[in-house]
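Notebook open, structure on screen.

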Amino acid sequence: MEIKQAVEKGLKLPVMEAFYTIQGEGTFTGHPAYFIRLGGCDVGCVWCDVKESWEAAKWPVLSVEEIVDGALQYPGRLVVITGGEPLMYDLGPLTALLKERGFTTNIETSGAHPFSGQFDWVCFSPKKFKEPHPSIFEKADELKVIVFHKSDFDFAEKHAKNVLPTCKKLLQPEWSKSDKFTGEIIEYIKNHPNWNISLQTHKFMDIP
């Protein structure tokens, strides 16, 4: 099977990086996790801190078996699939094998593509630069909105109307704007207690 066909079927995926660390943000903050960062993104956030991930062709294409073997080298059994934009690919084969090998599977996605894969926790982080695919709304366990501009509060509420009532709602200051917006987020959450705050604790601790 050609590489292109294997990628289309989700049997091989471009991997920018994979590493074992501590999850620094969102609901699973503080948990040891193996991150699989897939290459390729068509969302194009201006403040993205991994813009080098956008071009999929730059990164090695690995079989799902190779990817899972990498995760098995570490004692933790939580995997976070991120990007780039991971839902550009069919994640069914990768997540099926991860589940078979005993992993808890999490994803962080903008939701801009049709949903695929078996996930125990779905972090939906919508972006203004590309509308989410409708399939994400019923799958989202966590709605995490990055606050880069004052209009992002209204943007957050817009998407909060579409997710399930059980979805956890988080506001997170964009790192370069944290001095400006952390205080505003605190006050907003005090007045809108259905939201919680998320911080990029890994950046405070200076870990990947």
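My entries follow, one topic at a time.

**Ground rules.** I am working on a predicted model, where local features need pLDDT of at least 70, side-chain atom pairs count only at pLDDT 80 or more, and totals for chains, interfaces and linings use all residues. I number residues from 1 along each chain as its sequence is written, and my side-chain values use heavy atoms, with hydrogens and water left out.

**Helix 2.** I started with helix 2, residues 64-71. Helices here are DSSP runs of H or I with at least four residues, strands are runs of E with at least two, and both are numbered from the N terminus. I found V64, I67, V68, G70 and A71. They sit on the same side of helix 2, because they cover an arc of only 155° around the axis; that arc is taken from the directions from the helix axis to the C-beta atoms. Then I checked what covers them: the list includes strand 1 (12-22), strand 2 (32-38), strand 3 (61-63), strand 4 (78-82) and helix 3 (92-100).

UniProt, in an unreviewed entry, lists C41, C45 and C48 under "binding site". I keep in mind that such annotations may be inferred rather than shown by experiment; the positions are in the numbering used here and feature names are shortened. I placed C41 in the loop between strand 2 and strand 3. Leaving out neighbours within four places in sequence, C41 is in contact (heavy atoms within 4.5 Å) with S53, W54, G84, E85 and M88.

**P114.** This proline is in the loop between strand 5 (104-109) and strand 6 (121-124). Not counting residues up to four places away in sequence, P114 touches L87, H133 and S135. I also noted 11 Å between the C-alpha atoms of P114 and L91, which are 23 residues apart along the chain.

**Salt bridges.** I counted a side-chain nitrogen of Lys or Arg within 4 Å of a carboxyl oxygen of Asp or Glu, and the count comes to 9. Which parts does the D42 and K130 pair tie together? The side chains meet at 2.8 Å, N to O. D42 lies in the loop between strand 2 and strand 3 and K130 in the loop between strand 6 and strand 7 (142-147), so the bridge ties together parts 88 residues apart in sequence. D42 is partly exposed at 34%, and K130 is partly exposed at 27%.

Next I looked at K158 and E131, whose side chains meet at 3.6 Å, N to O. K158 is in helix 4 (residues 152-160) and E131 in the loop between strand 6 and strand 7, so this pair ties together parts 27 residues apart in sequence. K158 is partly exposed at 40%, whereas E131 counts as exposed at 53%.

K190 pairs with E187, with the closest N and O atoms 3.2 Å apart. Both lie in helix 5 (residues 178-191), 3 residues apart, about one turn of the helix. K190 is exposed at 57%; E187 is partly exposed at 39%.

Definitions and conventions: Buried < 20%, exposed > 50% of the residue type's maximum accessible area, 1.4 Å probe, protein only.
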